[in-house]
Amino acid sequence: MITARSQEAKYQVAFSDGTHSALADTTVDKGGGNSGFRPHDLLEASLATCLTMWLKMYADHHGYAIGTVETTVSIDRSQAEESIFNYSIEISGELSEAEKDKLLKVARTCAVHKTLSKKISFRQG
């Protein structure tokens, strides 16, 4: 669970899971101070970090000689009825092409990818 609390700075928000904390804000052109992650940055980060962790975990479990995994995510919100998460994954290490291909297929099974692929509803409570 994440708790977010407005701060003294106009649109700055501190958020925490009770152990870790960070700041969110908006850009200067939107009245903020650009002092933290924008909310959509956090959505992108959620998918990017999950994909990266999941591939490292899968590779470790299967004994792949994986090095660094670097994932880039951006959200295309230009369509009124659809948001598209574009991502690219770069994997280093002593991997065969078959192992790299398997990892790229496995990426779609990370928990955040699966969550974002489902119908999403909201409940205030």
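**Close-up 1. Phe-15 and Ala-22 are bridge partners, the latter in strand S3.** The model is predicted, with local features requiring pLDDT of at least 70 and side-chain atom pairs counting only at pLDDT 80 or more, while totals for chains, interfaces and linings use all residues. Residues are numbered from 1 along each chain as its sequence is written, and side-chain values use heavy atoms, with hydrogens and water left out. S2 and S3 run antiparallel and are joined by 4 bridges; two strands pair if DSSP finds at least two bridges between them. Helices (H or I, at least four residues) and strands (E, at least two) are DSSP runs, numbered from the N terminus. Ser-16 stands opposite Ser-21 in S3. In the hairpin of S2 and S3, 4 residues lie between the strands, and Gly-18 has a positive phi near 100°.

**Close-up 2. Strands S1, S2 and S3 make an open sheet of 3 strands in the order S1-S2-S3, with antiparallel pairing.** Strand S1 (3-6) and S3 are at the edges with a single partner strand each, so one side of each has no neighbour in the sheet. From one strand to the next, the twist averages 25°. Axes are lines fitted to C-alpha atoms, for helices over the stretch in contact, and angles run from 0 to 180 degrees between N-to-C directions. S1 and S2 run antiparallel, joined by 4 bridges, and form a hairpin with 6 residues between them. The bridge partner of Arg-5 is Ala-14 in S2.

**Close-up 3. The largest pocket holds about 300 Å³ of space.** On a 1 Å grid over the protein atoms alone, a pocket is an open set of points where a 1.4 Å probe fits, with protein on both sides within 12 Å along at least five of seven lines; lining residues have an atom within 4 Å of a point. Grid points are joined across faces, edges and corners, and the volume is the space filled by probe spheres set on the points. The lining has 13 residues, with Ile-2, Phe-15, Ser-16, Ala-22 and Leu-42 nearest the centre of the pocket. Strand S2 (13-16), strand S3 (21-24) and helix H1 (39-62) are the elements that give two or more residues to this lining. By class, the lining residues are 9 nonpolar, 3 polar and 1 charged; Ala, Val, Leu, Ile, Met, Phe, Trp, Tyr, Cys and Pro count as nonpolar, Asp, Glu, Lys and Arg as charged, and the others, Gly among them, as polar.

**Close-up 4. The axes of H1 and helix H2 (residues 97-106) come within 10 Å and cross at roughly 135°.** That angle makes H1 oblique to H2; angles under 35 degrees count as roughly parallel, over 145 as roughly antiparallel, 65 to 115 as roughly perpendicular and the rest as oblique. Asn-34, in the loop between S3 and H1, has a positive phi of about 55° although it is not a glycine.

**Close-up 5. Strand S4 (residues 65-79) and strand S5 (residues 82-94) run antiparallel, joined by 11 bridges.** These two strands, S4 and S5, form a hairpin with 2 residues between them. Ser-74 has Asn-86 in S5 as its bridge partner.
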